[in-house]
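I kept my notes in the order of the look-ups.

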Amino acid sequence: MKMDIASINALPYEDFVNIFGNVVEKCPIVTAAVWSRRPFGNLAALEAAINDFIDALPESGKEGILRCHPDLAGRDLQSGTLTQESREEQAGAGMDALNSAEASRMARLNEEYKERFGFPFVICARMNDKSNILRQLSERCRNEREAERARGIAEVKKICRLRLQGLVLTDAPNKL
Ligand code: 2AL
């Protein structure tokens with residue numbers, strides 16, 4: 001059930017982290033840190049506080065956030081150990097229904113990317129489809145490390161925005 005911003009602002013940190021702890025994949029420390037910035041005027045303010053925290057991290061911290069993300073169509077998907085959010089996002093982009101040629105291409109490119117950069121390829125799956133994801137993965141393998149770190153973090157923020165939108169009521173309540 002989505003919550004309104006006043007109810008969110010009233011949450012003790014334990015509940016806040018339980019509810020919002022995975023808006024950045026497997027990085028509840030981001031949510032736990034941002035609790036101190038209450039009260040939030042609206043969803044955009046909550047999102048901005050999260051983005052500010054991420055932007056203030058050293059480059060090693062940003063890479064750490066990327067490394068918390070599961071590969072697309074990777075080991076966690078195969079073994080059923082994805083987070084619920086990630087599972088839904090990956091299924092929506094068809095990552096759980098690749099044919100064998102696509103699956104081996106995806107696995108090869110994911111490994112190539114990780115070998116080159118030391119962190120995984122991250123893209124907002126809900127804003128892309130299967131062919132788009134494969135194309136971008138192969139294109140982004142050719143980028144420089146710094147550009148990819150920034151691009152990956154930009155994708156993390158898009159994923160975060162969509163996850164937040166699934167948890168926070170954005171419309172004003174209908175009062176007559
Ligand atoms: C993911 C994920 O789990 N959800 C999403 O949108 N992208 N992972 C990834 N490596 O890009």
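Entry 1. The model is predicted. I began with Phe-16 and found it buried, with a relative accessible area of 1%. Buried means under 20%. I then checked Phe-40, which is buried too, at 5%.

Entry 2. I searched the whole structure for aromatic pairs and got 7. A pair of rings is described by the distance of the centres and the angle of the planes. For Phe-16 and Phe-40 I read 6.3 Å between the ring centres and 10° between the planes, so I wrote the pair down as stacked. Planes under 30 degrees apart count as stacked.

Entry 3. I asked where the two partners lie in the chain. Phe-16 is in helix α2, residues 13-20. Phe-40 is in the loop between α3 (28-34) and α4 (43-55). They are 24 residues apart, and the pair links distant parts of the chain.

Entry 4. I turned to Tyr-113 and Phe-119. Their ring centres are 6.2 Å apart and their planes are at 70°, so this pair is edge-to-face. The cut-off for that label is over 60 degrees. Tyr-113 has 0% relative accessibility and counts as buried. Phe-119 is buried as well, with a relative accessible area of 1%.

Entry 5. Which residues form one aromatic cluster with Tyr-113? I noted Phe-117, Phe-119 and Phe-121.

Entry 6. Last, I looked at a charge and a ring. The charged end of Arg-38 sits over the ring of Trp-35, and I noted 3.6 Å from the ring centre.

Methods: Residues are numbered from 1 along each chain as its sequence is written. This is a predicted model: local features need pLDDT of at least 70, side-chain atom pairs count only at pLDDT 80 or more; totals for chains, interfaces and linings use all residues. Side-chain values use heavy atoms; hydrogens and water are left out. Rings of Phe, Tyr and Trp (its six-membered ring) pair if their centres lie within 6.5 Å; planes under 30 degrees apart count as stacked, over 60 as edge-to-face and the rest as tilted. Helices (H or I, at least four residues) and strands (E, at least two) are DSSP runs, numbered from the N terminus. Buried means under 20% relative accessible area, exposed over 50%, partly exposed in between (1.4 Å probe, protein chains only). A charge sits over a ring if NZ of Lys or CZ of Arg is within 6 Å of the ring centre and within 35 degrees of the ring normal.
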